[in-house]
Amino acid sequence: MRLTDDEKRMRDGAEGEAVAAAMDLLVRYGDALGAERLVETRNVAGTMTQPSPAKAKLVEEGGWAKAYAVINLDCDRDIEIPRMKVPTCQLQHGFAGDASGLTHYADSAIRLQDDAESYFSDRGVNILATCTPYQVGNLPVRGEHCAWMESSAVVYCNSVLGARTNCEGASSTGAAALTGKIPYWGNHLPENRHATHLVRADVTVDGFQEWGMLGYFVGELVQEARPAVVGKLGQPDLADLKHFGAATATSGGVELYHLPGITPEAPTLEAAFGGARIAEPVSYGARERAAVYDALNSRGTSRDVDFVLLGCPHASLDQVAQLAALLEGRRLHADTELWVMMPRALSSVAFHNGYTRTITAAGGRVLTDSCPAMSRAAPPGTRVFATDSAKQAHYLPAILGIEAWFGTLEECVDAALTGRWGGGLR
Amino acid sequence: MIELRGRGIVPGVVEAPALVTREPISGFGGIDVATGTVIEPRHELFGVCFTGQVLVFPGAKGSSGWSGFFQSTRLMGTAPAAMVFDVLTTKAVLGAIVTRVPTVVQALPRPLETIRTGDLVRVDGESGVVTILQSASSST
């Protein structure tokens, strides 16, 4: 990889040991990818505050500097961590104080995270604490080079916003934050942003559940490739595309898709393919839709639901408003818990709008910062959960060993009110 | 002895048995770092431990936590001995670097069609050569 004089100076220690370690990691990483150079970024979204057993051990040994060095820079030396060089935000992390006592989640982990928030905010990290930084102020513009992790945020950043990021990890974002550099590779290059596959929706795709199922189908079909999707598509909103992208990144590794006429880099189908030959379409019809539904519901046997989880990726204000409207004046079943996860900043708005009061009065909880998958904890005793998120239906059975039902918001609320799953494909 | 030639992206040489899967591996929700085991229920390696083996797989899928999860296997002592994969993504490449195990990518002849689970292989992350030292069928 070719380095600029400025980058060589950073590598050689002119800006301190941490920046040198960061540059060393970026060079190893860029060379391994086959990148020719680095590109400047002023928008980093990574993870550093969330506790894990490995991190807790490192913090005990050498404080947060050691944890950042080992995990976020892949460096074993004892170094000081300076202020982040470019704007950097913390994505979702572990449960915070609002979840204290609700789960088998250690208070020591909550305290460790509090400590990390102080340490890293002192170093210029914005503790947005959400998998959806684009919902709460980190909104890159079209063409902007970013270094983001969190697969659902990456696919939204590339596809819906037209900004450019690869699916980065804890170490590459940790290094980007201290250098303002990331390998110029993959999605950063214009020629790598054109569609490779075409999916045609032959059934109507409209509404949150349908967009999630289509996304799950598309991800499994194309894996890491770049799909364009046409056909009987309704007008999606932010929540629909948030769900669609998260699902494509769960069943596959989609980082960029095009919806011709909807997403910014694809005014037309021809533009989506960048002038190259348009791929033969793969049909998403009634049979494919039913197969996706069955796959997402294959981990459910008992219809007695003890937990309902909403907000994955983190709920938008509209989604929380819809939930509050459905719960207005009602009361959850005695044996069923309902959590909606949302960004900390939006929960303040939800509180002021009265949504939180309505949800809480019904027996539900509005929680922030994390999710049961990230924190690996659900209400104690959960055996069967229901969700409107294709991503959580996919992950939680593996992570928590519980059964899953996937359906609409209305079906999930019904399960929370009755304690029974009554959903089905309609 | 069969040799596969690719590009070494993490240096080091190791000899260990191969664990081959045709399915991409997810880090987050796909592996348990404490035991070095695949935990995705529908994966063909569900319940199988990769610790100390040469993981031969198509590539990474799922969350960007991939690199962090595999890095944790190093910190917990449950890492694979080496990695051999084909699909070059940021997740898998960064994951291999921070797992710090010898890694070869995009080798020919294609690893998934050439290496079998149980084969004793040598991975040279410097030269990019993967050598099948002993095939599973000829070992006892």
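This is a predicted model: local features need pLDDT of at least 70, side-chain atom pairs count only at pLDDT 80 or more; totals for chains, interfaces and linings use all residues.
Helix H7 of chain A covers residues 208-222 and helix H8 of chain A residues 238-251, and their axes come within 7 Å and cross at roughly 25 degrees. Since angles under 35 degrees count as roughly parallel, H7(A) and H8(A) are therefore described as roughly parallel to each other, and the crossing they make is right-handed.

I turn now to the aromatic residues. Over all chains, the structure holds 18 aromatic pairs. In one pair, that of A:Phe95 and A:Trp339, the ring centres are 5.8 Å apart and the planes stand at 90 degrees, so the arrangement is edge-to-face. A:Phe95 belongs to the loop between strand E3 (88-90) and helix H4 (107-122) of chain A, whereas A:Trp339 belongs to strand E11 (residues 337-342) of chain A, so this pair ties together parts that are 244 residues apart in sequence. Both A:Phe95 and A:Trp339 are buried, and together with A:Tyr105, A:Phe307 and A:Phe385 they form one aromatic cluster.

Finally, there are charges over rings to mention. The charged end of A:Arg37 sits over the ring of A:Tyr184, at 4.1 Å from its centre, while the charged end of A:Arg303 sits over the ring of A:Trp405, at 5.0 Å from its centre.

Key
Residues are numbered from 1 along each chain as its sequence is written. Chains are lettered from A and ligands numbered from 1 in the order in which they are written. Side-chain values use heavy atoms; hydrogens and water are left out. Rings of Phe, Tyr and Trp (its six-membered ring) pair if their centres lie within 6.5 Å; planes under 30 degrees apart count as stacked, over 60 as edge-to-face and the rest as tilted. Helices (H or I, at least four residues) and strands (E, at least two) are DSSP runs, numbered from the N terminus. Buried means under 20% relative accessible area, exposed over 50%, partly exposed in between (1.4 Å probe, protein chains only). A charge sits over a ring if NZ of Lys or CZ of Arg is within 6 Å of the ring centre and within 35 degrees of the ring normal. Axes are lines fitted to C-alpha atoms, for helices over the stretch in contact, and angles run from 0 to 180 degrees between N-to-C directions. Angles under 35 degrees count as roughly parallel, over 145 as roughly antiparallel, 65 to 115 as roughly perpendicular and the rest as oblique. A crossing is left-handed if the near helix is turned anticlockwise from the far one by less than a right angle, and right-handed if clockwise.
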